[in-house]
Amino acid sequence: MKKALLLGEYKIARFLPVLRENGYTDIVVYSAIEFDAASEFDDEGVEVRLMDLNWTADDVVAVLEAERPDVAIANAYPHGQEQLPIVYGHAAARWSGRFVAHSARFAEIACDKVSLHRTAEERGWPVPAGAVCENAQQVAAAADEVGFPLVIKEARSQAGDGRFHAASQEELDGVLAAGLAFPAIVQTFARGVETGIELISADGALMRWPVVSMGPLDDGLEPTLRARVAPYELPAGASARLDEFVTDLRENFAPFGPWQIDFAVVDDGDGIVVLEINPRFGGLTDLALAGTGTAPHAVFTAAALGEPLPQVESRAVTLELPCTEVPGVMVPAHPEGAEVMEVTARRPTNRCFTNTDRMQLITTVGDPEAGKRWIKEVDAAGLLRCSVESAFRQLDGVFEVFGRKDGAR
């Protein structure tokens, strides 16, 4: 009998088939939330236990000693778990068994924005110009130097929190008056196309999914309210800068498992600025699955068990629309031949958001005009959370490149 221990509940239904196929009959999931396993996935015999969001490395080692798994897999998700990868990294260094978790050094720069900024300055990584601040007076001085508009980021926060945009002194005063956790960074507000990429590192190998465009950076710092498309072809200069950055991270910081880079393409495509690193899969995995047919979570599970990482390539243009789940309103019929995925916040282990009516619609697009008609229908149904025009621009941009290639459908 083989035993697997999953630390984190996000999308665990995608882990289970791979574990079962590889003979794991005993599966324990430590979850940040209570949920009914029978309503979440069709797999009996999975034990669900509550994790402590204030775990230390000692606590995690104690769990490993008590459970004695054949493999332990860190599956952190940001809602309440954003800082746990650092703890997992320290625990993995002390555990003699197979624990698929990033090194503490990598987790530190991925979980702590101040650490990332300082490390970037030391190593020459492309990050927005800025300064680390320990109090409100230093924020004011940094704002004078950086100039408006600017971005303020708390060092450690949960997903969706701790980031603020200020276009004026009045807005900055409002951020400070509301209470800012220090240390924090004040940075130039980057102008450019926000992009992201999901990666997996395992046993010396690297796998990259296609780059996703999240559209031009906006003052709200909210990419989840913009249409996303893949595959986005990076300009040559930006691609080279990304490769250099990824190489340095792999060679010197030992990522082990899934990670994501959020960056902006700047300088007319000649460069990038790194906005953040996430030590986990982010919100792009559904696009990756639809666009390539290769499921990131299944690949991660297989890699955690020691299987080699496969090759992956785009099979279709893929579009993700930010939407609202409206009771009684059906999603319009998708274009012929398209594959549509609905992701809602209602299932606890599948949530991209918490306590909201948000929904993401992910679809392959073979014909851009048919795709545009569908976007209009989604908007007419009162479901679309971004503008029709912005979704059109995203779709047109990808089809300029991928839509003409053989194999697009």
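A polar contact is a pair of N or O atoms within 3.5 Å; within protein, one atom must be able to donate a hydrogen and the other to accept it, and residues adjacent in sequence count only if both atoms are side-chain atoms. A polar contact of 2.8 Å joins the side chains of glutamine 360 and glutamate 320. The model is predicted: local features need pLDDT of at least 70, side-chain atom pairs count only at pLDDT 80 or more, and totals for chains, interfaces and linings use all residues. Residues are numbered from 1 along each chain as its sequence is written, and side-chain values use heavy atoms, with hydrogens and water left out.

**Strand β18**

- Glutamine 360 is found in strand β18; helices (H or I, at least four residues) and strands (E, at least two) are DSSP runs, numbered from the N terminus.
- Glutamine 360 has 5% relative accessibility and therefore counts as buried (under 20% relative accessible area is buried, over 50% exposed, in between partly exposed, with a 1.4 Å probe and protein chains only).
- The C-alpha atoms of glutamine 360 and leucine 199 are separated by 21 Å, and the two residues are 161 apart along the chain.
- Threonine 363 also belongs to β18, which spans residues 358-365, and is buried at 2% relative accessibility.
- Contacts of threonine 363 (heavy atoms within 4.5 Å) are with Val317, Thr318, Leu319, Ala338, Glu339, Val340 and Trp374, not counting residues up to four places away in sequence.

**Aromatic pairs and charges over rings**

- Eight aromatic pairs are found in the whole structure; rings of Phe, Tyr and Trp (its six-membered ring) pair if their centres lie within 6.5 Å, and planes under 30 degrees apart count as stacked, over 60 as edge-to-face and the rest as tilted.
- The rings of tyrosine 30 and tryptophan 55 have centres 5.8 Å apart and planes at 50°, so this pair is tilted.
- Tyrosine 30 lies in strand β2 (residues 24-31) and tryptophan 55 in the loop between β3 (46-50) and α3 (57-67), so the pair links distant parts of the chain, 25 residues apart.
- Tyrosine 30 is buried at 11% relative accessibility, and tryptophan 55 is buried at 9%.
- Phenylalanine 106 and tryptophan 259 make an edge-to-face pair, 5.4 Å centre to centre with 75° between the planes.
- Phenylalanine 106 is in helix α6 (residues 104-111) and tryptophan 259 in strand β14 (residues 257-266), so this pair ties together parts that are 153 residues apart in sequence.
- Phenylalanine 106 is buried at 0% relative accessibility, and tryptophan 259 is buried with a relative accessible area of 0%.
- One aromatic cluster is formed by Phe15, Trp209, Phe281 and Phe300.
- Arginine 105 lies over the face of phenylalanine 253, at 4.1 Å from the ring centre; a charge sits over a ring if NZ of Lys or CZ of Arg is within 6 Å of the ring centre and within 35 degrees of the ring normal.
- Lysine 372 lies over the face of phenylalanine 392, at 5.3 Å from the ring centre.

- The axes of α6 and α10 come within 9 Å and cross at roughly 135° (axes are lines fitted to C-alpha atoms, for helices over the stretch in contact, and angles run from 0 to 180 degrees between N-to-C directions).
- Arg105, Phe106 and Ile109 of α6 make the contact with Leu249, Asn252 and Phe253 of α10.
- In helix α7 (residues 113-123), Lys113, Val114, Ser115, Leu116, His117, Thr119 and Ala120 are buried.
- The cover over the buried residues of α7 includes α6, β6 (130-133), β7 (150-154), β9 (184-188), α10 (236-253) and β15 (271-278).
- Aspartate 112 caps the N-terminal end of α7, with a side-chain oxygen 2.9 Å from the backbone nitrogen of valine 114.
- Glycine 124 follows α7 and has a positive phi, near 75°.

**Backbone exceptions**

- Most residues other than glycine have a negative phi, and most peptide bonds are trans.
- The peptide bond from phenylalanine 148 to proline 149 is cis, with omega near -5°; proline 149 is in the loop between α8 (136-146) and β7.
- Phenylalanine 182 and proline 183 are joined by a cis peptide bond with omega about 0°, and proline 183 is in the loop between α9 (169-178) and β9.
- Lysine 11, not a glycine, has a positive phi of about 55°; lysine 11 is in the loop between β1 (2-7) and α1 (16-21) and is buried at 2% relative accessibility.
- Aspartate 267 has a positive phi near 55°; aspartate 267 is in the loop between β14 and β15 and is exposed, with a relative accessible area of 58%.
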